Every structure is written in structure tokens, then in C-alpha cells.
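Please open the model in your viewer and keep the sequence panel beside it. The tour below goes from stop to stop, saying at each one what to select and what is there.

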Amino acid sequence: MGQTPAQKAAKAARGQQPKKRPGKAQREAIKRAQAAKKAGGGKPAAKKAAAKKAVPLPRGSLRAAYPGTCPACFKDYAKGEVITKVTEGWGDPGCAPRQMSAAEREFARNKARIESGETYRAQKPSDWRRGASPSSTRPVR
């Protein structure tokens, strides 16, 4: 909104100068800077940090707060790399023991029972007779 000549005179009397509008070259420079800021031109460190945070980490892992060495394979890892809990501490995700699913655990348990003979030893001997049906071999109550 424009000011009347009386308002301008009153400001000048108080020692305040009227605001000057920037020149054409300055306005264009300001527009370029605002467009670059919107396009993602900011601090490079902020862009890197945002890119690191955008990628979801695997379950049970995190980014290293400081550089270190994997206790399983003795490879060095840098600050910010993804690490996982291994047997003696934190290290490479490839060195961590693989977690089995519930179905894999059940399969391994059943396989061990079969291989040990447990599933067969616990069963009673069959009372079936050759040539007879199962219903005729059972005792009557």
C-alpha cells in the first residue's frame, strides 16, 4: 500500500527513511535464489543427511555412530554405515546369523524328531491283522 505525502513527511521528520524497492537486477537475483532453494539447492550436508534417512533400514540394524571393526570378519566400517548385532557385538549385516521363519523352525524340529526316531518309538504297535478291517480288530467296550 502506498503512503501519502503527509505520511512520508512525518516519517522523514522522525528520522525514518521510506523503504526503497530493490532494483531489477536485485529482484532477479532474489528470484533465482528462491527457485534454487525450492529445487533442493541448500546445504550439501543437509541433502546427504536427508538421503540417508530416506532409506528404510532392515529390522534389527542401525547406522554406526562412529567407525569400527566387525568382530566376525574384521572388516572396518565407517561412521553412518548400516550395522547389525552379531555374536560378539556390532558388525556387517552379512556376518549376522540368519533368523529362521516360524515355518522353517517347525520344519527343522520335525525333521530332527523323525531322524532321531522319536516319532516312531512313541507310537504303539499296530493291532491290525492281515485281511481284517481296523474296526474288527479293536476290542469292544
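In what follows, a residue is called buried when its relative accessible area is under 20%, exposed when it is over 50%, and partly exposed in between, with a 1.4 Å probe and protein chains only. This is a predicted model, in which local features need pLDDT of at least 70 and side-chain atom pairs count only at pLDDT 80 or more, while totals for chains, interfaces and linings use all residues. Residues are numbered from 1 along each chain as its sequence is written, and side-chain values use heavy atoms, with hydrogens and water left out.

**The whole chain**

Begin with a cartoon view of the chain, which has six helices and five strands; helices (H or I, at least four residues) and strands (E, at least two) are DSSP runs, numbered from the N terminus. Read from the N terminus, the elements follow the order α-α-α-β-β-β-β-β-α-α-α. Of the 141 residues, 11% count as buried. If contact is taken as heavy atoms within 4.5 Å, then among contacts between residues at least 6 apart in sequence, 10% join residues at least 24 apart.

Next select β1 (61-63), β4 (82-86) and β5 (89-91). These three strands make an open sheet in the order β1-β4-β5, with antiparallel pairing, where two strands count as paired if DSSP finds at least two bridges between them. Because β1 and β5 stand at the edges with a single partner strand each, one side of each has no neighbour in the sheet. Neighbouring strands here are turned by 40° against each other on average, direction ignored, the axes being lines fitted to C-alpha atoms (for helices over the stretch in contact) and angles running from 0 to 180 degrees between N-to-C directions. In general, strands of a sheet pair through backbone hydrogen bonds, either parallel or antiparallel. Between β1 and β4, which run antiparallel, there are three bridges, and Leu 62 has Ile 83 of β4 as its bridge partner.

**The cysteines**

Cys 70 sits in the loop between β2 (68-69) and β3 (76-77) and is buried, with a relative accessible area of 1%. Setting aside neighbours within four places in sequence, Cys 70 is in contact with Lys 75, Tyr 77, Trp 90, Gly 91, Asp 92 and Cys 95.

How many disulfides does the count come to? With a disulfide taken as a pair of cysteine sulfur atoms within 2.5 Å, the count comes to zero. The cysteine sulfur closest to that of Cys 70 belongs to Cys 73, and at 3.7 Å the two are too far apart for a bond. Cys 73 is likewise in no disulfide, its nearest cysteine sulfur being that of Cys 95, 3.5 Å away. Cys 73 counts as partly exposed, at 30% relative accessibility.

In the loop between β2 and β3, select Phe 74 as well. Phe 74 has a positive phi of about 60° although it is not a glycine, and it is exposed, with a relative accessible area of 64%.

**A buried charge**

Move to Asp 92, in the loop between β5 and α4 (102-116). Not counting residues up to four places away in sequence, Asp 92 touches Cys 70, Cys 73, Lys 75 and Val 86. Lys and Arg count as positive and Asp and Glu as negative, whereas His and the chain ends are not counted. Asp 92 is buried yet has no salt bridge, and the nearest side chain of opposite charge, Lys 75, is 5.2 Å away; a salt bridge here requires a side-chain nitrogen of Lys or Arg within 4 Å of a carboxyl oxygen of Asp or Glu.

**The salt bridges**

By that rule the count comes to two salt bridges. For one of them, select Arg 98 and Glu 104, whose side chains meet at 3.2 Å, N to O; Arg 98 is exposed at 62% relative accessibility, while Glu 104 is partly exposed at 32%.

Finish with Arg 109 and Glu 106, whose side chains form a salt bridge at 2.6 Å, N to O. Both residues lie in helix α4, three residues apart, about one turn of the helix. Arg 109 is partly exposed at 47% relative accessibility, and Glu 106 is partly exposed at 36%.
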